[in-house]
Amino acid sequence: MSGAARPVEGEPYLAVEDLTVRFPTADGLVQAVTDLSYSVELGKTLGIVGESGSGKSVSSMAVLGLHDRRSAQITGSIKVAGTEVVGLSESKLRDLRGNAVAMIFQDALAALHPFYKIGKQLVEAYLVHHPQATKREARARAVEMLDRVGIPQPDRRVDQYPHQFSGGMRQRAMIAMGLINDPSLLIADEPTTALDVTVQAQILDLLQDLQREFNSAVVLITHDLGVVAEVADDVLVMYGGRAVEYGTCKQVLTRPEMPYTWGLLSSVPDIGADTGARMIPIPGNPPSLLAPPTGCAFHPRCAHKDKVPGDLCSTTLPELLPGSEGERHVKRCHLADPDAIFAAEVLPEIAPDLVEEPR
Amino acid sequence: MTDETTDVVQDGEVTSFTELVGQTHAAAELKADAEPILTVENLRMYFPIRSSLLKRTIGQVQAVDGVSFVVPKGGSLGLVGESGCGKSTTGQLITRLYKPTGGSMQFEGQDLAQLSNRQMRPLRRDIQMIFQDPYSSLNPRHTVGSIVGTPLRVHDVVPRSKTLARVQELLEVVGLNPEHYNRYPNEFSGGQRQRIGIARALALQPKLMVADEPVSALDVSIQAQVINLLQDIQKEFDVAFLFIAHDLAVVHHFCPEVAVMYLGKIVEIGDRESIYSNAHHPYTQALLSAVPDIKQAVTGERRERIRLTGEVPSPIDPPSGCRFRTRCPIAQEICARHEPPLLQIGKRHKVACHFAGRLGEHPREPLTARLLGVDASGQPDPGASPVTDLVEQPGYADTWFDLDQKTIGRA
Amino acid sequence: MFAFLVKRILSGFLTIMLVSMIVYALFWYGPKSPALQLCVQETNGRCGPTSPRLADYEERLGYNNPVYEEYGKWVKGLVIDRTIMLGKTPYECPAPCLGLSFRDKTLVSEQLKDKFPVTVSLAVGAASLYLLIGVTVGALAARRRGTLADKLLVSSTLVFSSIPYYLVALLSFLLLTLNTSIFPDVAYTPLLDNPAKWASGLLLVWLVMGIFGATSYTRYSRGAMVESLSEDYVRTAKAKGLSARTVVVKHALRSALVPVVTIFGLDFAFLLSGTVFTEQIFDLEGIGKWGLDATYIQDLPVVQATSLVLAVAVVVANIVVDIIYSFLDPRVRLS
């Protein structure tokens, strides 16, 4: 592995603590991310789930220091292999970017430069972190990576432009570019959102294969709980810039304890579902980050706030605390016994066939 | 108008989960005996490709190639498939954004495929379209009132003086604040814009709505709002839907009947049960197995997928025989030689595959050989008598070929 | 790409033909007889719109023949030598023959050879200057978008472009060369005769035109740059760990150049035909001044020639823009 950051034994590779990202604008302060903490170990995948404006992408871009220093106020701590990223100099950040930490984006057509050949873009990514390598070596490496991500005839495709690739092939090329310097941490921002399901399945398989091969830590940002269920070890649910639920994939998806997570689950029909299952939406619209709601940011859309005494939900921000399943599963909600409500009220509506099953 | 729909959206009005549940719908049910409102038969659309210099036609994109289906009155048919399969073109043909190359589209006793644009005009009231992108399908310089009111004025549906009242009524139906008629689209969120698009489509009280990916641009929680709204509208106004989507889960919920398209053809069509729990076409099976499944988290194991290799071939030069054969895990010689006919194999289930069967139970010998008068590898069989009337009919026959019993099934 | 070019050249050719027909027809059917100028000149003013002499001249110059016949002769002259009768004297006009100026009976093509380089020199010098300044400043401003420097720059370009051009040109001519000789005298020397003199003689003109033109190019390129800096692929370039310079120049600027080149192509064509103000003020014998003077006195052959030059310039500029496009954007080249 090259680059400045080296993994420290026993420590998580990426540790984010109390991360807050704000953007001052003419309309006021946009509170994109507030007090966010999470960590990812090598070989593990964290799924960050949320809708547009939840802060999931903003927080991940902060890991690479991609926010404009003049327009973003970042506090808290982001440690990559023990190195503090917040406040790191631009040149040190550059050493990290695309090297120890790589990022792949949604919509590879927009994220790859339309005017340069795929090969040239890969070569550029390789050479910037391997200045001693020759162009010929870099090109060979680019072909090797295209081959590794399953692009047929890589020695020919390397000289093509992004628009000559199909959507799935472009996303593969994007992944090849992200992995060309053997990163230890890969941040994938909605990597399959623009793709067809069969192509999405191919890309998810590929990402998992590559992760096993390189033992890297992966942060997968998505709005799709199904994708999370396929690939993630841990899940972090974000709403209005804050973590609202965080635990292992199994805990969060089978015994969710926060009404927003319930809402996400009930909004997505299951293809194997009983026809009696309902699609229960989350009412209303996502909150404004300029003037977030008081108390719990989710309270204006929450269908369960009647079960919390008084106006606690609208006045007091709930802390991120462990629920009934131990320290590893935390949620931000005032409900006293969310498990019981989920089992008794929500589950019968969204998955009637699952209710009788003993767990 | 329904009061229920409005409550779902307006902020701060949810009182309890039970109430919220009361405003939602379970999966739409099949009305098996409904009359057809739209009968599409052998619909084809070939787009010519012209050379750049002399404008000679040098090829054709076979976007839709012989598609037949029925949309029942007040029901919904889902059209699923991956990008480039021709599902959107099919929708655009029905709304007559293009004139089809061939085939017929019977709607209320008239063949939409034959009508001139002028003859089509009065029918446009009855067939409306909902678009995918709520950001580009509304003119940003027009107020919501004018967007929703324009179809009313163009078609002289209500007296001018009553237009505003009708617009407000429509806004209320789709769950928007009727007082917001003088706002501009950019003042609304994505989900609200999609509601505006629905209100516009609803203004003329259409009998058929073609919804092309109506929720795929929306956030997950908003998707469910819009699907429930469309279900409300369907119940209230008895509108039929041709629901075009790539999201199999949404289609499962909204459509009691589904057609799966691949490269311009329907490969499998049937009721929800037949497609989702009893798929017989390898493409449908691959498509279903590719959908990420939350239940995996429950079981903790990772499901094995059918991995499709390669890419969808070009519709300019589709493969011979079965169009799926280049990526099919069970393809044999016959698949390259003969196109499989869309055979009815259940009461409401048709499949176009020489080796149709449940996952893991595909037959070794082609089922279709005798029908086509060929041997197992697709070579002409001198002793056989091919069935000559293998023309695809829209809808379902009373008899079918039962694959399990190897006999003729009967309704 | 080749087929595309052939198509563009063919349609360009048609455009040029059409323009020449329209100009020809405008004068032929215009309110004043095109023969009037020559008639007045040769009879020392004893010729008016109604005098019989004019009819005589019209007959001799061929204005009584059908219009297509005369236009045909003109077109034919472009490729084949021709003899033109002005009055009673025959004049030899070798191809490409653009006719004879009615005013001084010189060959229009010869004059064009003298005057065209003046205008081209002006245009090329000024355009390179304003493109260079405009794009550089615009790109820098876009990178520092929202800062004080950016705001100052944007408002100063606005102030600059709201001052009338001729005022600036005239004042700088008066103050910087005539009165103070800070700059060398403005004069045209052919490039091949003496390159140093060529440059020094036009330096002030270039600066005035260049700085003036740069104001709008600063705004165009700033806008294009702001847009391309917010593109996904620029974010990707940053995420790869590329230096800020590489990100801005290789990734953002390259795509920002596309809209700038479009505007530049059209601008340049107009620059070639119409440096009228500049030539007038700095007293340079270029195409613009020549064409304007000829229009006043209905010197048809000269007007026809200058509009032909303009049409050719527009067409050529458009084709060049297309070629530059295909270099900048492979999607154009390969589709």
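Me: How many residues of domain 1 of chain B are in contact with residues of domain 2 of chain B?

Reply: Please bear in mind that the model is predicted. The size of an interface is often given as the accessible area lost when the parts come together. Here the description is by contacts: 27 residues of domain 1 of chain B touch 20 residues of domain 2 of chain B. Domain 1 covers 4-255 and domain 2 covers 262-410 of chain B. Their C-alpha centres are 30 Å apart.

Me: Which elements give two or more residues to the side of domain 1 of chain B that touches domain 2 of chain B?

Reply: They are β1 (36-50), β2 (57-72) and α9 (248-254) of chain B. The largest share, 12 residues, is supplied by β2(B). By residue class, this side of domain 1 of chain B holds 13 nonpolar, 11 polar and 3 charged residues.

Me: What radius of gyration does chain B have, against that of a compact globule?

Reply: A compact globule of 411 residues would have a radius of gyration near 22 Å, and the 23 Å of chain B agrees with this. The C-alpha trace of chain B spans about 75 × 60 × 45 Å along its principal axes.

Me: What percentage of the residues in chain B is buried?

Reply: Of the 411 residues in chain B, 48% are buried. Among contacts in chain B with a separation of 6 or more, 65% join residues 24 or more positions apart. The secondary structure of chain B consists of 14 helices and 14 strands.

Conventions:
Residues numbered from 1 in each chain as written. Chains lettered and ligands numbered in written order. Predicted model: local features only at pLDDT ≥ 70, side-chain atom pairs only at ≥ 80, totals over all residues. Domains from an automatic or database assignment. Contact = placed C-beta atoms within 7 Å. Helix = DSSP H or I, 4+ residues; strand = E, 2+ residues; numbered from the N terminus. Nonpolar A, V, L, I, M, F, W, Y, C, P; charged D, E, K, R; others polar. Rg over C-alpha atoms; globule rule 2.2 N^0.38 Å. Buried ≥ 20, exposed ≤ 12 C-beta atoms within 10 Å, placed from the backbone.
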